[in-house]
Amino acid sequence: MYPLIVKIVIEEGVTSIGQNAFYGCTNLREIVIHDTVIRIGDYAFEGCTSLREIEIPNDIEVIGAWSFNRCLNLTKIKIPNRFLSGTCDDNTTWLLDGNTLTISGRGKINGDFWSKGKYGVFTSDGIEKEGAASWCAGSGLIRNLIIVESFSSIGSKVFDGCTSLTDITIPKRLLWGICGDDLTWRLENDTLTISEPGNMYNYSEEDKAPWSNLHSIIAKVVIKAGATSIGQNSFNSCTNLREITIPVGTKSIRRTAFPECSSLKKIYYPKGVACMNLCWEIADKTLTVGGVSEIDCYSAEEPPWFDSVPKIQRIVIEDGVEKIGELVFIECRHLEQVTIPASVTTIGEFAFTICCCGDKTIDGGRNVIRSLDDGVLLLKKNPAAKSDADFSTGYEMWNIAGKNIKSVKIERGIVPGKRFFD
């Protein structure tokens, strides 16, 4: 990546821009391409997030697949008309007009115009060789999407190339259905709403959620009161999902409900009224949790960030939190740092179970059960332990919470290490 580059000039005589040539030039704002260039390789300008417009030579013959992927601010392009429409199978045609992509056809719409062929190849005589709209996939050029009424169903990967959508027009009959015992779903713009009382179905790679083919355009999920469970793989690979609201009364959330939701920043995750405003965010391997006085698991085995646990290296508890419940951060095996504010007075048993800091176990191991109750640190021997519990490596956990501890109570069977009271 070359963050210092702000302008690129491709001079006369150059005939090809290679694959990944200017990948990650995040400050690139201007590029001049000479008419001698006839080929642009795959991902040539991927990640050029400051690029807003570009002019492609009239004699260009090949534009590679995903050439402008993640160029999210690219909204204007001057390009030969033959690259602005195409046919990806016998049933489907597409047209890019300004920032509006219109898909027409009949039967089932599929995603071949993003993935068919490796290169998205066209020639100067207007003959399409392979691929289709793949050259503009993932760019900011596609802001509006229109799917005509004649399609009967939506296949997989149709929206994979539409990462910057602001407006969607899809036949309403394709945007609702059944997703559980009396549960219904409906997608409006980028918001998926699940209504009516009942349990949500569990899904799998073979039996996918009914909105799975729309996963890349779902930015917000609202589950209305009455839904009692959230099924397995319900929101698998909803890569643009940023926010989800879970109602009071939800009794079960499967561990794999939100896998590969890489943009998910906020979950409003209640446990009765006390947890209505719980918010959490993962950024740069840091989990930040706050918004409530009490952080508690919805179920002991499945905290809402469970699917992201392998990525978490740091945990920040926001000021105002008073209680951290049992098992909240279970199995954070790569944890290196925890920040606990002075407002915390209670930490439940096994809140940080088996949290490893390098080669040190920061909770003292399974032989010690420890908790903080209204400022009182209680250490007791695990009944399953066969011998007295040596706490010599356990002080790290309570070192970070030292300012929260008013007194210590150690029960029989605990052997504090030399540095425990440092």
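Q: Which residue does lysine 7 form a salt bridge with?
A: Lysine 7 pairs with glutamate 30, with the closest N and O atoms 3.8 Å apart. A salt bridge here is a side-chain nitrogen of Lys or Arg within 4 Å of a carboxyl oxygen of Asp or Glu. This is a predicted model, where local features need pLDDT of at least 70, side-chain atom pairs count only at pLDDT 80 or more, and totals for chains, interfaces and linings use all residues. Residues are numbered from 1 along each chain as its sequence is written, and side-chain values use heavy atoms, with hydrogens and water left out.

Q: Where do lysine 7 and glutamate 30 lie?
A: Lysine 7 is in strand S1 (residues 7-10) and glutamate 30 in strand S3, so the pair ties together parts 23 residues apart in sequence. Strands are DSSP runs of E, at least two residues, numbered from the N terminus.

Q: How many salt bridges in the whole structure?
A: Four. One of them joins arginine 70 and glutamate 46, at 3.3 Å from N to O.

Q: Is glutamate 46 buried or exposed?
A: Buried, because its relative accessibility is 10%. Buried means under 20% relative accessible area, exposed over 50%, and partly exposed in between (1.4 Å probe, protein chains only). Arginine 70 is partly exposed at 36%.

Definitions and conventions:
Helices (H or I, at least four residues) and strands (E, at least two) are DSSP runs, numbered from the N terminus.
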